[in-house]
Amino acid sequence: MASNIIIPPTAASTTPQATTTTATTAASTAATTTTTTLMANAPITTNRKDQKKDKPDQKYAPTLLLPKTDFPLRADAAVREHQFRQRCTTDLYAWQRENNGGELFVLHDGPPYANGHLHLGHALNKLIKDFVNRHKVMQGFKVDYRPGWDCHGLPIELKALAELKVTDRSNLSPTQVRAVAQATAQSAVDSQRQEFSSYAVMGDWVNGYKTMDKDFETRQLRVFYEMMNRGLIYRANKPVYWSPSSKTALAESELEYKDDHKSRSAWVAFFVSQPSEKLVSLLPPGTSLQAVVWTTTPWTLPANRCVAVHPKMNYTLFRSSTASDPNTVYLAATDRMDEMKIRFTPPKPKSASYVDSAMEVVFETVAQLSGQDLVGCRYQQPLTGETSLPFIAADYVTSDSGSGLVHTAPGHGMDDFKACFPLGIEAFCPVDGDGVFTAEAGPELEGLSVQTEGTVKVLEMLITRGSLIQEQVYLHKYPYDWRTKKPVILRATSQWFANVGTIKEDALKAIEHVRIIPEGARRRLEGFVLSRSEWCISRQRSWGVPIPVMYNVETDEPLLTRDSVQHIIDLVKEHGADVWWSLTTEELLAPEYRNDGNTYRKGTDTMDVWFDSGTSWTMIEEKTPRPHLPFVADVYCEGSDQHRGWFQSSLLTSVALTGKAPFGTLITHGFLLDAKGFKQSKSLGNTVDPAVVINGGKNLVKEPAYGTDVLRLWAASSEYTKDIAIGSTILQQVAEGMRKFRTTARFMLGNLKGFKESEAVPYEGMSRLDKFMLSEVYQFCKNVNAGYDELMFNKVYGQLQYFSSTTLSSFYLDIIKDTLYSNSESSPARRAIQTVLFHVLTAFNKAIAPLAPHFAEEVYDHYRECFTSEQPTVFRTGWLDFVPEEWNSFEVREEFLVVRQLRTEVNQLLEQARAGKVIGPSLEAAVEIQVISLSSPSLEEQAALSAWSKVVEAYAEDFAKLFIASEVKVTKHKQGDNLQSVELDAGTGVFVKELTLSEGGNGAGGHRCRLIVKKASLFKCPRCWAFTAQAADSLCKRCGLVVAALQN
């Protein structure tokens, strides 16, 4: 047989599943079955010598219309996909921008970080976006998609410094660092662009954006300028998250939290040096008062400026039996007295003679008072000895933990700062950018790292001063720098902030009508917006966009005016952000400030990278403005971590300037898991490299080259709104799915050889089976459209699988082979089937094209000559709107529920006959369907049986093809006919199955149908193999006419 002749797909050994449609007629009524097998006395034997002779006469082989196509069964994707890459990516994007007549559709790309190679998370993200864009292109939209890169920030700067290979980096100028960082980022961009292209992502790769581009930096500074004009930018000396490992301030979005951080917490006695009048009246004469204070960060005690109490909380004065001085009275919250007993209990000695009860702590309550009575008291700082620090009132104090008295250091805590600022208490911070105590902390602490030896020293000093009640190892949740994976501190420094508290209500209102997928992500985004009132936008790095502020050398007052900032914007527009470091301060000053009698210095802070990427929407406003829409871009799509990152920064800056959300639809996808459900991590060695999936690994047996389309189908098959698993088994399953798609497509392509769209048979000229298949195409297109419209691509993939394996391979394609192969080439029945196959393949190929573009292009190339109007690519053939409404025949689908139910039952009976060696192929069988009338049916039973029998009688002439049997007859009988009335042929097995109509599951109703299977009575046609010939070695009537016509 020639290599381009197809072996058609074989129907599954199990019976086809039910269609996706539902029914309310009698056909949908549940059926129970009883099976009886009648065997002749003599066993049936099979002569294997005869089997060897049992082949079609070779002289008739040339008369059969076997499918022929050059479409290969094996994809050989890693080699063949490149043939289609250019036309379905670069060429397609350019064409649709020029020629698609629909509305503009903008999917704005969240910029990946320009550092290192891509991982599977990058691939998933870009592929989801590509599915959306390709679907829109096929619908006729004019898609705008410009890939972007986030190029500034610490990781790139650190990588650049490492590449410089210098031991002393303090001598490096910012210009040197920036030059290397820029080259490092550009190299990563070039590399990642190639990797993204290997995923067949369609977009404007030539004109993609980079946050280090001159025009981007200019637009970013304009956003800063406009927010400044609206009073949203300010400078303040307040605590911010500070990373000693990165030596820069961090925003909340740059943190990750470790749940098991270990701290050395301390319970400390603060001597109350000036008690209030109320306290004096309650204290016994001659006693001293110590306030019990708990802190998880002892290193912040040098910066202590007050103790906070809750004014409405009750507090207790008490003596402890374990105190060294019986005249010492302690103060703590009344609700925390049980905790106090634990903290005042001395540690157990290691001596074996120790008795627990001997050291049991006993408290004596002296008095109780409210927190309000404590406000105004003064205490002595346990480390510095300052004697007049105040007790203040604060609502954030609780009795859930600690002592109810809170150590307050406004230089190291957000709540502390908020409580102290209105009282004029300074944010004292004796810690530098390296996380080291400064001279202000005192000579004993100066130069010590606060998180290590500094903490140890503070605890030693407390012990020396007799102020440490107890040290406690404390496990708790603590913020870490997400880049260096090291713990951060809170440290008061002069930073620049964006006041988002005044716009967050507008931001929440702007997203009320945004479509968010999944909907649950809405609450997450709203929560992050609500919890934020300010945004620290300054960073202490060289590689970034400068905060365009000059400072008065004498007063340190910032110069931040419209003119001063606009002058810098003009310079950056012409030369890029490097001018901030390459030009002199004089040149950077606007002309009106150069001779104003003041001396200025330029600032050294750069902007938060989230401010960089968060202003990327301005590119859309500039290049493709659509002021009539309530959003800037149609779609944003990123991982769930971006609710506190890019989604939020984009929302806040867009609302601040335009009053509208930057996105009309917000898609959030999950993260990657390995096949066992563990988070993928390089340290665990369970990551999957997308390049290896496409091109294969070192061992191609273990890591085969699946090609791009399999990677894309994996992404499409995943429920991306959740975390997604991938591993070798999962990839094998997807590859097997692709193989089945190719097999099905190959069969259809082979049978469309010579077909022209102009020869298509109209709907009214088709058989019932063909009409049913077109109704299935209609439903398939409807379901696929729903999946794409919902942006649920796993539903689309599921429809493709079901349609291919169940509706096509196990049903329609199995049934039509005889007509396709054995009828004359121009027979109306065969031409009608080809028409259906043409529509089926077109619908299937369009549906899969956005997900597997190389496969769709290859399929289209192998039957493009069938079309009246050929296109250079499947993506220019339109979407699934070619399906007419007349195909949506509810009546045909209802009838085929009966037909497919019968086919299922007959197939089971044929399997029994085959197992009993009565028949081999189903064509050796004859089937009888006996329609049995009930003796005294109810009205409902009569109606159901009547509808059912009408369908059976109407399809009587079609059943032979539907069952792939040589003979099927329908007969009518009355209830009560016994099984022996079935005529038995000597030496032939007869298999009988009786179907019982079951109403409501109660078994009532009686027999309605009997199925009988036996060996066909006629002879086998040597051409079509059906047992329909009148004599041995002779052709059946149909084949005789076809062969005769060919010979004439």
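A: Two strands pair if DSSP finds at least two bridges between them. Strands (E, at least two residues) and helices (H or I, at least four) are DSSP runs, numbered from the N terminus. The model is predicted: local features need pLDDT of at least 70 and side-chain atom pairs count only at pLDDT 80 or more, while totals for chains, interfaces and linings use all residues. Residues are numbered from 1 along each chain as its sequence is written, and side-chain values use heavy atoms, with hydrogens and water left out.

Start with an open sheet of three strands, in the order β23-β22-β24, where the pairing is antiparallel. Its edge strands, β23 (558-559) and β24 (600-602), each pair on one side only. Strand β22 (residues 550-552) is joined to β24 by three bridges, in the antiparallel sense.

Strand β8 (residues 255-274) has several partners. With strand β17 (residues 468-481), β8 pairs in the antiparallel sense over 12 bridges; Ser265 faces Gln472 of β17 there. Strand β9 (residues 288-295) runs antiparallel to β8 and is joined to it by six bridges. Two bridges link β8 to strand β14 (residues 378-380), and this pair is antiparallel as well. Phe271 has a bridge partner in β9, Gln290, and Phe271 also stands opposite Gln380 in β14.

Now the helix. Eight of the nine residues of α27 (residues 853-861) are buried (under 20% relative accessible area; over 50% would be exposed, and in between partly exposed, with a 1.4 Å probe and protein chains only). Helix α27 is therefore largely enclosed by the rest of the structure. The buried residues are Pro853, His854, Phe855, Ala856, Glu857, Glu858, Val859 and Tyr860. Among the elements that cover them are α2 (77-80), α3 (82-88) and α5 (120-138). The cover also includes α22 (708-717), α23 (728-751) and α26 (828-848).

Asp416 lies in helix α11 (residues 414-420). Apart from neighbours within four places in sequence, Asp416 is in contact (heavy atoms within 4.5 Å) with Tyr396, His407, Thr408, Ala409 and Pro410.
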